[in-house]
Structure formats: C-alpha cells, structure tokens
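Reader: Please show me how to read this model, one feature at a time. I would like each idea, then the case here.

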Amino acid sequence: MLQMYDLAGADPQLRFSPYCWRTRFALAHKGLPVETLPWRFTEKSRLPPGQEKVPVLLDGPRVVGDSWAIADHLERTYPDRPSLFAGEGGQALARFVNAWADTIVLPAIFRMIVADIPRCLAPQDLDYFRVSREARLGMTLEQAQADRAQRLEVFRALLAPVRRVLETHDWLGGDRPSYADHILAGTLMWPRCVSDFTLLVAGDPVSAWFSRALDLYDGLGRSARTSSME
Ligand SMILES: N[C@@H](CCC(=O)N[C@@H](CS)C(=O)NCC(=O)O)C(=O)O
C-alpha cells in the first residue's frame, strides 16, 4: 500500500496541512488507498533523505515530495485510474490554480488563522512553529492575526474568479471534480481543521462548492478531525 507522511497535531488524528490535504484528495480521486504516517514539524529526521516538508509519498521504491509533484506522479503512474487533470491542457490550468492557491489564497488564510494553530500543535512543535513563523511575519502570531475581520472581506473578494466559474459549472474541473478542485478544497481544509473563524458564509457559491467537496470520497473531508471536536 502507498504511504504518506502527513502533518499531525497534538492529536495524531488532527491532520491540517493544506498541501497534505491536496494529496489526500488526489489519492482518493485515483481510488488509491494510503496509509498516512502522522508527522510533526520537528521530526524532519524521520523523513526520507532530502525531504524536509510534507507531504512525502512512498510508492514502492519511489519517494516523491511536494504535493504538485505527487499529483503529477500519480497521474503518470496510474493512467488507467480516473484522471486528475483530464489531459495536458487541464494539467497546465491546474498548475495555474496551484500557483494561485499558494501565492494568493494560502497567505491570505495564514493571516487569519496563524495564532489559532499553536493550540492544535504537539508540544514539541510549539517553539519551532512560533519562532519560524514570527521570523517570517516580522511580528507575533497574535499581531499578524489582529486585523482578521478586515482581512476577511479582502479574502472573500479574492475568491471572485471561483464564483464566476461556479456560475456555469459545479466544479473547477467542469462537471466533475479534478485536481484543481482538490487544490482549493485542500487549502480550505487547513482553516477548517485548526480554527473556528468562519471564512465562508452560507449562500456563497464557494461555500456550497466546498460542501460538495467535503462530501466526496465517502465524506473524506467532512469526517476529518477538527480542533473544535476535541
Ligand atoms: N510546495 C510544497 C509545500 C509543502 C509544505 O510547505 N509543507 C509544510 C506543511 S503545510 C511543511 O512541511 N513545513 C515544514 C516546516 O515548516 O518546517 C507542497 O506543495 O507540498
């Protein structure tokens, strides 16, 4: 069976990495069972040589790091299973969605939930997370998140292109989900798992789309452990 290193919190069942969720959805899309190996930020020495971040997929002798590279690997290695991209053009467009999620969506979410993350973390990760993220932000986690109510408006506005697509399609991939959907849904699993702060409101088509995504693959996303369940 395939295995993947998956970021976990103090509760080993709390899995909250936006990148690992992209891979979880991609594997489910392909119908490939996976054993997820809970991993903490400070356990870099447990990862295969050369890997420093998760997800990392172990597929027999192959070690693949980086969620995009994993999706590409799965598509090439398992061509007879449902396609993640529906062809080369679809893969190129999904690449755009991946870059948009990484450079625009993810940083916007980060500034609204970053101070909520420590209460989910394993004790050994607390110092590492605070020191590394505060160095990146140039301020405390709490300062970074202080104006999140204002940031929320900007965040909802930046999802406008998704709303535009959803006017005519159920999924970013068209009439069925594709990896483009998994990228955005995976990214939104992160705040869902670690924070009570509401990012999407009922009535927003993006909220309805995310709800559909949570139900995919026997409710893989919906049944995932969240910090509010503890
Ligand atoms: N581009 C990578 C990013 C992976 C990534 O940043 N993973 C985070 C967890 S969400 C990580 O492992 N961080 C380790 C650290 O911050 O030390 C991907 O798409 O997989």
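**Reading the fold**

Reader: Start with contacts. Which residues does L141 touch, not counting residues up to four places away in sequence?

Author: Contact means heavy atoms within 4.5 Å. Leaving out residues up to four places away in sequence, L141 touches V114, A115, P118, F129, R130, R133 and E134. The model is predicted: local features need pLDDT of at least 70, side-chain atom pairs count only at pLDDT 80 or more, and totals for chains, interfaces and linings use all residues. Residues are numbered from 1 along each chain as its sequence is written, and side-chain values use heavy atoms, without hydrogens or water.

Reader: Where does L141 lie, and is L141 buried or exposed?

Author: Buried means under 20% relative accessible area, exposed over 50%, partly exposed in between (1.4 Å probe, protein chains only). L141 has 0% relative accessibility, so it counts as buried. L141 lies in helix 5 (residues 141-145). Helices (H or I, at least four residues) and strands (E, at least two) are DSSP runs, numbered from the N terminus. In sequence, L141 and V114 are 27 residues apart; in space, their C-alpha atoms are 6.0 Å apart.

Reader: Now the sheet. In what order do the strands run?

Author: Strands of a sheet pair through backbone hydrogen bonds, either parallel or antiparallel. Two strands count as paired if DSSP finds at least two bridges. Here four strands form an open sheet, order 2-1-3-4, with mixed pairing. Strand 2 (34-39) and strand 4 (62-65) are at the edges with a single partner strand each, so one side of each has no neighbour in the sheet. Neighbouring strands are turned by 20° against each other on average, direction ignored. Strand 3 (residues 56-59) pairs with strand 4 in the antiparallel sense over four bridges. D59 stands opposite R62 in strand 4.

Reader: Which helices pack on the sheet?

Author: Axes are lines fitted to C-alpha atoms, for helices over the stretch in contact; angles run from 0 to 180 degrees between N-to-C directions. Helix 2 (residues 67-77) touches strand 3 and strand 4, and its direction makes about 135° with that of strand 4. Helix 1 (residues 18-29) lies across strand 1 (2-7), strand 2 and strand 3, at about 150° to strand 1.

Reader: What sits at the ends of helix 1?

Author: S17 caps the N-terminal end, with a side-chain oxygen 3.2 Å from the backbone nitrogen of Y19. Just after helix 1, G31 takes a positive phi of about 70°.

Reader: Last, the core. Which residues touch the most other members of the largest nonpolar core?

Author: A nonpolar core joins buried Ala, Val, Leu, Ile, Met, Phe, Trp, Tyr and Cys residues through side-chain atoms within 4.5 Å. Of the 75 residues in the largest one, F16, L74, F155, W209 and F210 touch the most other members. Helix 3 (residues 88-113) gives the most, with 11 residues. W209 and F210 are among the buried residues of helix 9 (residues 205-219). Cover for the buried residues of helix 9 includes helix 1, helix 7 (160-166) and helix 8 (179-194).

Technical notes:
A polar contact is a pair of N or O atoms within 3.5 Å; within protein, one must be able to donate a hydrogen and the other to accept it, and residues adjacent in sequence count only if both atoms are side-chain atoms.
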